[in-house]
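Keep the viewer open as you read.

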Amino acid sequence: MPAWLVILLLFGLVIILTNPNERDYTWLQGLRRPGWLTFHIWSPLIRLVCNLGLYLSLLLVHSLLDSWNVVIVYLLVIFLSEASVWVTCRIRSLGIGTLIGAFAWVLFLIFSIWVCLISRVAALGLVPYLIWTFVDLLAQRQMIKLNSMGNDHLSNRSVSAYRSVAKEMERLNQSMTRRRRPR
């Protein structure tokens, strides 16, 4: 089996393993987003471009160094970076997911510098991913504020729980208003 195909299969496996399930992803999609994040509908296409850049970069570095160790390092760094979304969805915590994502982004930046020492062209393939994950981190930081109740932003409450509490408070407020009216 050719190396490009083995690498593609391994890369695809990492991406599949780090994708959240439908229920958890639906939770993430139900969260409020910052007003400037109007392009999130293009997220699948942006992620495709990022993943294509990662894959081509990985192929180039592998061909230059002819080492499977480099493939393993690439896949581990990609796994850590992608796992932050999985963790965010799984435990339903933007705060913890953002911390993991920030750590992974710094690690990916260091990794990109190392790749740049090997090949500048290969490092260029990593740039879209660096930019997208940084924008994603900024959005998550703002989403924490938009979707939190008080200082409870690290809780694992779902958005529907917040909405049901808000509806209950509105109902109580209406019933209190009715009671205060003179008869």
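First, the ground rules. This is a predicted model, in which local features need pLDDT of at least 70 and side-chain atom pairs count only at pLDDT 80 or more, while totals for chains, interfaces and linings use all residues. Residues are numbered from 1 along each chain as its sequence is written, and side-chain values use heavy atoms, with hydrogens and water left out.

So how confident is the predictor? The chain has an average pLDDT (the predictor's confidence in each residue, from 0 to 100) of 85, and 83% of the residues score at least 70. A word on the labels: helices (H or I, at least four residues) and strands (E, at least two) are DSSP runs, numbered from the N terminus.

Methionine 1 sits in the segment before helix H1 (3-17). With a relative accessibility of 73%, methionine 1 counts as exposed; the cut-offs are under 20% relative accessible area for buried, over 50% for exposed and partly exposed in between, using a 1.4 Å probe and protein chains only. Even so, setting aside neighbours within four places in sequence, methionine 1 touches Val6 and Leu9.

Start with H3: the axes of H1 and H3 come within 11 Å and cross at roughly 140°. Axes here are lines fitted to C-alpha atoms, for helices over the stretch in contact, with angles running from 0 to 180 degrees between N-to-C directions. That angle makes H1 oblique to H3; under 35 degrees counts as roughly parallel, over 145 as roughly antiparallel, 65 to 115 as roughly perpendicular and the rest as oblique. On the H1 side you'll find Ala3, Trp4, Ile7, Leu8, Phe11 and Ile15, and they meet Asn51, Leu54, Tyr55, Leu58, Leu59 and His62 in H3. Sorted by class, the contact of H1 with H3 has 10 nonpolar, 2 polar and no charged residues. For those classes, Ala, Val, Leu, Ile, Met, Phe, Trp, Tyr, Cys and Pro count as nonpolar, Asp, Glu, Lys and Arg as charged, and the others, Gly among them, as polar.

Turn to H4 next. H1 and H4 pack with their axes 9 Å apart, at an angle of about 20°, which makes H1 roughly parallel to H4. Their crossing is right-handed. From H1, residues including Val6, Leu10 and Val14 take part, and the H4 residues they meet include Leu75, Phe79 and Trp86. The contact of H1 with H4 counts 14 nonpolar, no polar and 1 charged residues.

What does H4 do with H5? The axes of helix H4 (residues 68-91) and helix H5 (residues 94-118) come within 8 Å and cross at roughly 165°, so the two are roughly antiparallel to each other. H4 passes H5 in a left-handed crossing. This contact has 18 nonpolar, 6 polar and no charged residues.

The loops around H4 deserve a look too. Aspartate 66 lies in the loop between helix H3 (43-65) and H4, and has a positive phi of about 50° although it is not a glycine. Arginine 92, in the loop between H4 and H5, also isn't a glycine and has a positive phi of about 55°.

Arginine 120 lies in helix H6 (residues 120-124) and, at 67% relative accessibility, counts as exposed. Arginine 120 and serine 57 are 63 residues apart in sequence, with 9.7 Å between their C-alpha atoms. Aspartate 136 belongs to helix H7 (residues 127-146) and is partly exposed, at 25% relative accessibility. Its C-alpha atom is separated by 9.1 Å from that of threonine 98, 38 residues away along the chain.

Definitions and conventions: A crossing is left-handed if the near helix is turned anticlockwise from the far one by less than a right angle, and right-handed if clockwise. Contact means heavy atoms within 4.5 Å.
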